[in-house]
2 protein chains.
Amino acid sequence: MRIGLDMMGGDFAPAEAVKGVKVYLDNVASDVHLVLIGDEQQLAPLLTAAQLDQSKYSVVHSSQVIGMDEHPTKALKEKPHSSISIGFHLLKEGKVDAFISAGNTGAMMVGTYYSIKAIEGVQRPTISTLVPRENGSYGLLLDVGINADCKPENLAQFALLGSLYSKHILKVNNPKVGLLNIGEEEGKGNLLAQATYPLLKENKQINFVGNIEGRDIFSEKSDVIVCEGFTGNVVLKMAESFHEIAVKRNIHDEYINKLDFESYGGTPVLGVSKPVIIGHGISKGMAFKNMIQLAQQIIDSKLLEKIKESFVAKEVQ
Amino acid sequence: MRIGLDMMGGDFAPAEAVKGVKVYLDNVASDVHLVLIGDEQQLAPLLTAAQLDQSKYSVVHSSQVIGMDEHPTKALKEKPHSSISIGFHLLKEGKVDAFISAGNTGAMMVGTYYSIKAIEGVQRPTISTLVPRENGSYGLLLDVGINADCKPENLAQFALLGSLYSKHILKVNNPKVGLLNIGEEEGKGNLLAQATYPLLKENKQINFVGNIEGRDIFSEKSDVIVCEGFTGNVVLKMAESFHEIAVKRNIHDEYINKLDFESYGGTPVLGVSKPVIIGHGISKGMAFKNMIQLAQQIIDSKLLEKIKESFVAKEVQ
């Protein structure tokens with residue numbers, strides 16, 4: 001298994017990316033070979049200092065970097081030798097089995113759309129966030145920002161994609177799917193939620209438990225919460241801000257600390273045919289390590305094959 | 001000034017309503033006369049025990065109660081002698097200058113629409129929530145639930161209504177208006193946010209400061225945050241849940257305590273021609289006291305006249 005990692009992406013690259021590689025290689029026993037994409041001259045001293053097992057990685061040189069604020073499409077076009085462009089090229093050609101970057105999110109999304117296809121039947125790939133719960137388990141909220149306007153069918157697909165992720169990666173048995181809404185009963189909500197409810201209710205591939213209100217996002221009422229990317233993004237960023245407020249106010253609490261979403265690593269793009277993981281710009285060593293591990297889990301669990309099968313099954317129904 | 005109060009509305013009525021009346025009358029010097037609407041037999045012993053200044057209130061008997069889960073329109077029709085029906089009747093007839101209830105929210109909204117008109121030019125009345133900030137001041141978020149689907153023009157009107165409330169009730173000088181969105185730059189967001197941005201930017205009656213992300217809701221970046229009622233309701237309920245989680249986890253923090261929105265009292269219905277305040281079902285004494293005080297402030301500040309003038313000015317522009 002070969003996992004490609006953009007060493008130049010993120011605010012603290014390449015130093016924190018190297019740290020993440022070290023923690024992963026030193027602690028996780030696996031047959032993963034890491035393909036580190038970045039500027040050789042910058043990487044060489046860091047990699048030497050890290051004293052890594054040289055059989056476990058190789059370096060692919062990239063001479064360009066896409067900045068965090070560059071226009072995604074333009075940057076990808078004008079910088080074919082950037083770490084992100086090379087990463088997608090390697091993924092497309094099958095030279096790596098997954099690609100990870102904490103770089104320009106827009107460029108990662110555009111690269112994903114252009115380089116690798118959506119899984120047949122998936123209308124809109126989606127990104128998600130883990131939702132920590134007090135009992136130590138994790139829920140999943142999706143979409144969290146790339147699909148700001150959605151149709152009911154999109155939300156129904158997010159429900160299936162999220163269920164499969166919850167089951168195969170988060171190891172939740174028969175994950176409960178909730179529809180984010182502003183009332184408990186069927187018929188409540190905006191037009192989108194009203195039209196989505198029956199689609200989720202009818203869908204035999206998921207375990208729909210009904211509407212979930214804002215107060216229940218962090219509860220165990222559901223394992224997968226679906227919404228359009230506008231509300232999802234507001235929820236995610238607001239939860240992050242609570243963590244920041246708690247830190248600023250010197251509140252130390254094991255659970256509140258888990259609202260530090262930045263430490264989780266990144267979000268996979270769900271619904272595309274190869275594993276792509278997009279990291280937070282401010283990813284540090286542990287986030288990079290977690291992203292490598294997540295890529296490995298996605299490959300090991302054959303998640304994408306399960307998604308393909310489910311969407312084929314859906315077409316046949 | 002006569003303020004009507006539904007003594008039978010809310011989970012802890014009438015006992016907590018009486019407590020609120022007592023705290024108000026004992027502590028706030030004003031020429032307010034309270035019109036207490038409720039079951040005389042239930043109220044009599046509570047009012048006697050409370051030892052109130054009898055010149056400061058009168059009781060209007062109501063023989064029916066609309067339950068918290070009753071169908072709003074049906075209940076109002078079938079229960080003309082309910083405290084809510086009588087309250088709106090008194091308000092419509094000018095027998096009270098404001099009406100407050102912590103009862104069935106739907107019945108309060110329907111009652112508002114049917115009994116008193118929207119201010120000329122206001123397309124959609126709206127409800128809001130106070131947003132506590134770390135510096136001790138309060139922002140305003142609206143709509144928080146009664147307008148789940150909105151047009152750009154609705155949001156632009158919420159911006160003006162919120163600005164006037166912020167200025168005249170929260171005493172914020174030249175309140176900064178932000179558009180809740182999922183990116184900072186103009187052009188970001190869903191179709192609604194994209195179309196609303198230029199309307200806010202052009203509007204000379206407000207001080208528009210641009211997009212506000214989920215992470216900035218509790219910051220001082222803006223004093224008034226506008227959004228459709230779906231996202232606003234999710235934000236409100238999620239913030240409440242953080243307070244609940246903090247309480248459960250034994251976190252004691254002055255600021256986090258302010259996320260206990262239930263203690264604030266209620267939300268006025270903005271955009272209608274007479275003051276109506278809707279309280280949380282679980283309102284306790286302090287919440288009732290705060291609602292009475294808010295009704296008084298709304299009348300004292302002549303907020304509704306200012307709103308009328310602003311919307312007339314808007315029509316003329």
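Guide: A contact here means heavy atoms within 4.5 Å. In chain A of this predicted model, 70% of the contacts with a separation of 6 or more are between residues 24 or more positions apart.

Visitor: What are the ground rules?

Guide: Residues count from 1 along each chain as its sequence is written, with chains lettered from A and ligands numbered from 1 in written order. Local features need pLDDT of at least 70 and side-chain atom pairs 80 or more, while totals for chains, interfaces and linings use all residues; side-chain values use heavy atoms, without hydrogens and water.

Visitor: How many helices and strands does chain A have?

Guide: Chain A has eleven helices and eleven strands (DSSP runs, H or I of at least four residues and E of at least two, numbered from the N terminus).

Visitor: And what box do its C-alpha atoms fill?

Guide: Along the principal axes, the C-alpha atoms of chain A take up roughly 60 × 50 × 40 Å. Of its 317 residues, 58% are buried (under 20% relative accessible area with a 1.4 Å probe, protein chains only; exposed is over 50%, partly exposed in between).

Visitor: Is strand S2 of chain A buried or exposed?

Guide: Six of the six residues of S2(A), residues 33-38, are buried, so this strand is largely enclosed by the rest of the structure.

Visitor: Which way do its residues point?

Guide: A:His33, A:Val35 and A:Ile37 point one way from S2(A), and A:Leu34, A:Leu36 and A:Gly38 point the other way. Both sets are buried.

Visitor: Which strand pairs with S2(A)?

Guide: Strand S1(A), residues 2-6, pairs with S2(A) in the parallel sense over five bridges (pairing takes at least two DSSP bridges). A:Gly4 has A:Val35 of S2(A) as its bridge partner. Strand S3(A), residues 57-61, also runs parallel to S2(A), joined to it by five bridges. There, A:Leu34 is opposite A:Tyr57 of S3(A).

Visitor: How does the chain cross from S2(A) to S3(A)?

Guide: The chain goes through helix H2(A), residues 40-50, in a right-handed β-α-β crossover (clockwise from first strand over helix to second, strands pointing away from the viewer). S1(A), helix H1(A), residues 15-27, and S2(A) also make a right-handed β-α-β unit.
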